[in-house]
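Work through the exercises below on aromatic rings. Try each task before reading its solution.

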Amino acid sequence: MALTYYLGVDGGTTRTKAVVGDDAGHIVGSGEGGASNYQVVGLEAAISGITDAVQGALAAAGLLLTQVERAVFGLSGMDLPMHREVLAAALTSAFPGLIFDLVNDTWIMLKAGSDKGWGIALVCGGGANACACSRDGTWVTLRGLGYQSGLRGGGLAMLRDILHYAFLSHDGTGPKSVLEQTVLDVTGAPDYDTLQLLFLEAVQDMVGHGELLHRALAIVPLVFDGATG
């Protein structure tokens with residue numbers, strides 16, 4: 001009996017992962033690509049990251065896209081109806097003929113983590129978002145658009161705080177912090193004037209600065225190391 005194959009994609013602010021599985025419950029291929037939150041890296045880069053992950057998974061499985069019965073794309077940055085329209089059109093163009101569902105990445109987290117199909121899921125990656133599903137199947141997803149929409153968290157928000165306190169330390173307008181030198185070490189910036197040119201513009205205007213932000217996010221884990229060291 002021929003197996004039926006399905007594709008699952010988890011797209012985030014820093015990377016994208018894809019898996020192909022069969023209807024017997026076996027993962028037969030996986031792939032990885034770059035960031036695919038189009039609000040951060042732009043639509044072209046986001047679709048490129050998704051495509052790389054999908055092609056890698058299909059190649060590992062030894063399958064063609066036409067052999068996939070259905071796909072689910074769980075993407076960060078898919079927060080509002082307008083985002084759905086943009087992403088759905090782009091995915092239809094990138095994967096012609098593929099039947100797919102498009103959901104916020106919090107949904108796939110809840111589906112994977114709850115054997116009962118209901119509960120609460122919280123994502124704290126490059127950004128932060130949450131969703132909930134009641135026992136009767138009612139779904140609620142937060143807007144995931146940052147502090148201004150009532151939600152704050154994730155690596156990008158922490159990065160802003162890190163840079164804030166590192167600059168305070170360097171300029172003498174705040175308490176001295178080990179972050180001052182750590183930020184320079186991780187980014188490779190020779191001084192704070194260069195750091196400002198490299199990173200502050202990217203943090204303020206994220207679209208088109210995906211690679212730069214990915215480098216900067218490497219600072220975040222070091223804050224935890226410093227706090228527990």
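Predicted model: local features only at pLDDT ≥ 70, side-chain atom pairs only at ≥ 80, totals over all residues.

Residues are numbered from 1 along each chain as its sequence is written, and side-chain values use heavy atoms, with hydrogens and water left out.

**Exercise 1.** Classify the ring pair of Phe73 and Phe100, and explain what it ties together.

*Solution.* 
- Start with the rule. Rings of Phe, Tyr and Trp (its six-membered ring) pair if their centres lie within 6.5 Å; planes under 30 degrees apart count as stacked, over 60 as edge-to-face and the rest as tilted.
- The structure holds 4 aromatic pairs.
- One of them joins Phe73 and Phe100, at 5.5 Å centre to centre with 90° between the planes, and is edge-to-face.
- Phe73 lies in strand β4 (residues 68–75) and Phe100 in strand β5 (residues 100–104), so the pair ties together parts 27 residues apart in sequence. Helices (H or I, at least four residues) and strands (E, at least two) are DSSP runs, numbered from the N terminus.

**Exercise 2.** Are Phe73 and Phe100 buried or exposed?

*Solution.* 
- Buried means under 20% relative accessible area, exposed over 50%, partly exposed in between (1.4 Å probe, protein chains only).
- Phe73 has 0% relative accessibility, so Phe73 is buried.
- Phe100 has 18%, so Phe100 is buried too.

**Exercise 3.** Classify the pair of Phe167 and Tyr192.

*Solution.* 
- Phe167 belongs to helix α5 (residues 155–171) and Tyr192 to helix α7 (residues 192–204), 25 residues apart.
- Phe167 is buried at 14%, and Tyr192 is buried at 3%.
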